[in-house]
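Work through these exercises with the model open beside you. Try each task before you read its solution.

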Amino acid sequence: MADAETSRLCVQIVRSHFGPLTANVASTLLTRGRLSLAQLIRYTMMKPRTVRAAILVLVQHNILWHSNTEEEGEMLEFNTLECLMRLRFGRFVWQAEQLFGPSGAEIVQLILDHGKLQPPDIISRLSIHNPKSSSLYSQMLYKLISGAYLKPSTLLSHHSPRDKRIKYEAEEKAKISGFPTAKELREAQETAEARLKREEEEAESVGLKRKPKDLISHRSSKKKAIEEDMVDDGVYFRVNFDKFNTYIRNKLIEMAAGERFNRSAALVMRATLKATEARQKSVSDARSDPTSTAAIAMLVSDDDDLSTGLVTSTKKASSASLVKDYLGLMSAVDNPTPAGKAASFISIIDNKVYVEFEIVSKRLRRRVLEAVARERHGDDGVRIVRLLLDIGKMDEKQIAKVAMMPNNVVRPLLAVLSSDFLISTQEVPRSADRNPTRTFYLWHVDLHKAYSALLGHLYKTLYNIGMRRQAEQEEPTVKAVLAKRARTDVAQDESLLSRMERDVLKEWEMKREKLTVLEMRVEEAVFILRDLDKVGSHEDI
């Protein structure tokens, strides 16, 4: 079950996208957890027909998991992560337009609007006004599917992966004879996780099928190899969020490289990420696929002057040598220590370049934590958080001594940092009775707990932004002007609006734009804390 802040935000998203009746069903599932259809009808106090229609809508849009077990029968469960991902739909459509043009954006937007669709339905809906454009949309659909921007919607994707993981772990643990050790339990979890991942990959391998022999071109072997696959019209496709999330991650890494070094280093980082862009499937990858310095140098534009960011001994250095210097700078070759590795962006092994997603993601999450600590508690709060992150568990006197701060300043600061869940305490009793007067209290930073608390605050902020937007829109004057603009005659000719109405409309659009920009900034922090937390693992949040 989701916490209170996440539940409120999910209900708000469902209400804005599907209406109040569907939001009532979502709210009940979020509040009470997994339920059967009969229980859902009783708790929502709605007509069975209405509840069934709401469930169909949520299942169609992949927001609802359903499973059929022998003990409980058919149960319904809310998919929180899928619902929260709807806040990025606008960015996904924009990214598709940047990559594939307007036709690619139209396909992605249509599938996002309907949850999942078959290829004939996609092409018929988009080419209804221009039948000649059906071939264009067919080619674009093939590009999106072959590039993993769209993935097939399978039966496995409608079942909670948590149930499968628990089942597989129980099967693996049953094979262990005697009392299991920590190593055996960890191996059982890894085996279950690998089995679940393998099943998902096998289920999603459909979508493209071999062309019939009479349709295969015989012009050349290369052309023949390309044209042997075609889109399977009987498969339902949905948008692959993981693929689009890789572009958000790459942009954040590029910006971080620019802030750490300079603009030229950011350009080299962009080229490095672009070299392996086609093989990046998920944000859970710990590092990128290998690439070469020559491949990176080819992707750097001739218009970009990389020499402005470096001081070189030669007057005119080649682009390849400059790229090599920047790669050495970002791989911290001049600092082969654990601290240097922790501050690196890439690694160079056997003349192959890898982008270290896991290292950069940890640094980005830590930067968000430090920014929150500085905003709420000033530089002294950041000093204590950094000290505990670098050294580990310390008591109050040690913190005051190492941080060179008086005890009367450190004590209340530790209390407020603990109240915000930015730091935690570890009790070490000196006697068996665990008497508080004979107990050491060590302070440390529990990163998982701190990030979870920050995510809760960010979800609350997103909810407040949505409520503010709704309150501004329902203000009587604005509501009347928006209702008038929705009329068909005014929509065709906005000169029918008075000057005062146009001013009200302009002010409302300005406020909406500011709230949208703020929502995007908060969502970016959510992406760093939630989505990048999966780097190096394949577990659900």
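On a 1 Å grid over the protein atoms alone, a cavity is a set of points where a 1.4 Å probe fits but cannot get out; a pocket is an open set with protein on both sides within 12 Å along at least five of seven lines; lining residues have an atom within 4 Å of a point. Grid points are joined across faces, edges and corners, and a volume is the space filled by probe spheres set on the points. The model is predicted: local features need pLDDT of at least 70, side-chain atom pairs count only at pLDDT 80 or more, and totals for chains, interfaces and linings use all residues. Residues are numbered from 1 along each chain as its sequence is written, and side-chain values use heavy atoms, with hydrogens and water left out.

**Exercise 1. Describe the largest cavity.**

Step 1: take the volume. The largest cavity holds about 80 Å³ of space.

Step 2: list the lining. It consists of H61, N62, E82, R86, F89, I111, L112, G115, R238, V239 and F241.

Step 3: assign elements. Helices (H or I, at least four residues) and strands (E, at least two) are DSSP runs, numbered from the N terminus. Two or more lining residues come from each of α6 and β6 (237–239). The top contributor is α6, with 3 residues.

Step 4: sort by class. Ala, Val, Leu, Ile, Met, Phe, Trp, Tyr, Cys and Pro count as nonpolar, Asp, Glu, Lys and Arg as charged, and the others, Gly among them, as polar. The lining of the largest cavity has 5 nonpolar, 3 polar and 3 charged residues.

**Exercise 2. Find what lines the second largest cavity, then follow E77 to its salt bridge.**

Step 1: the second largest cavity has about 30 Å³ of space. R34, W65, H66, S67, M75, L76, E77 and S160 line it.

Step 2: apply the salt-bridge rule (a side-chain nitrogen of Lys or Arg within 4 Å of a carboxyl oxygen of Asp or Glu). E77 pairs with R162, and their closest N and O atoms are 3.4 Å apart. The pair joins distant parts of the chain: E77 sits in β2 (residues 73–78) and R162 in α9 (residues 161–174), 85 residues apart.

Step 3: the rule gives 33 salt bridges in total.

**Exercise 3. At what angle do α12 and α23 pack?**

Step 1: read the values. Helix α12 (residues 241–260) and helix α23 (residues 499–531) pack at about 105 degrees, with axes 11 Å apart.

Step 2: classify. Angles under 35 degrees count as roughly parallel, over 145 as roughly antiparallel, 65 to 115 as roughly perpendicular and the rest as oblique. The two helices, α12 and α23, are therefore roughly perpendicular.

Step 3: name the contacts (heavy atoms within 4.5 Å). N245, I248, R249 and L252 of α12 meet E524, F527, I528 and D531 of α23.

Key: Axes fitted to C-alpha atoms, helices over the stretch in contact; angles between N-to-C directions.
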